[in-house]
Amino acid sequence: MSHTTFEAALSWDDPGEPVTEMVRRLELDRASDAAFGLLERGPTGWTLCIPDGAEAAAVVDEEIVDLGRLHLEPSGERHLPVRAGLRARVRMGSFRFEVRPTA
């Protein structure tokens with residue numbers, strides 16, 4: 001059985017310090033993986049939680065996703081389902097989060 005995998009990278013800048021980055025490899029169809037950064041695992045799969053006001057961009061198979069069309073949740077986030085082919089970046093100040101498919 002093949003699995004669709006992706007990488008999630010969390011990085012931030014501290015003035016005067018090198019960029020710090022943590023990278024985690026996750027499987028879309030594996031229920032045992034827990035949340036990481038802005039990713040949450042729910043009953044229907046992974047979701048990227050984009051805080052309101054964050055700079056964000058996403059594409060699926062080279063097609064731009066209009067993030068403004070996503071519903072703003074009471075939590076102050078927009079939820080984007082993670083699926084094969086998704087590449088997304090979220091930036092808030094010095095904090096950056098990126099989701100990308102693996103080869």
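**View 1. The open sheet of 3 strands has the order S3-S4-S7, with antiparallel pairing.** The edge strands are S3 and S7, each of which pairs on one side only. Neighbouring strands of this sheet are turned by 35 degrees against each other on average, direction ignored; axes are lines fitted to C-alpha atoms, for helices over the stretch in contact, and angles run from 0 to 180 degrees between N-to-C directions. Strands (E, at least two residues) and helices (H or I, at least four residues) are DSSP runs, numbered from the N terminus. Two strands pair if DSSP finds at least two bridges between them. Strands of a sheet pair through backbone hydrogen bonds, either parallel or antiparallel. The model shown is predicted: local features need pLDDT of at least 70, side-chain atom pairs count only at pLDDT 80 or more, and totals for chains, interfaces and linings use all residues. Residues are numbered from 1 along each chain as its sequence is written, and side-chain values use heavy atoms, with hydrogens and water left out.

**View 2. Strand S3 and strand S4 form a hairpin with 2 residues between them.** Strand S3 covers residues 39-42 and pairs with S4 in the antiparallel sense over 4 bridges. Within this pairing, Glu-40 has Thr-47 of S4 as its bridge partner.

**View 3. Strand S4 is joined to strand S7 by 5 bridges.** Strand S7 spans residues 77-81 and runs antiparallel to S4. Thr-47 has Pro-81 of S7 as its bridge partner, while Leu-48 is partnered by Leu-80. Strand S4 (residues 45-51) is largely enclosed by the rest of the structure, because 7 of its 7 residues are buried. Buried means under 20% relative accessible area, exposed over 50%, and partly exposed in between (1.4 Å probe, protein chains only).

**View 4. Leu-38 lies in the loop between S2 and S3.** Leu-38 is buried, with a relative accessible area of 12%. Leaving aside neighbours within four places in sequence, Leu-38 is in contact with Thr-47, Leu-48, Cys-49, Pro-51, Val-90, Phe-95 and Phe-97; contact means heavy atoms within 4.5 Å. Leu-38 and Ala-9 are 29 residues apart in sequence, and their C-alpha atoms are 9.9 Å apart in space.

**View 5. Pro-15 occupies the loop between strand S1 (5-12) and strand S2 (20-27).** Pro-15 counts as exposed, at 83% relative accessibility. The C-alpha atoms of Pro-15 and Ser-94 are separated by 9.3 Å, although these residues stand 79 residues apart along the chain.
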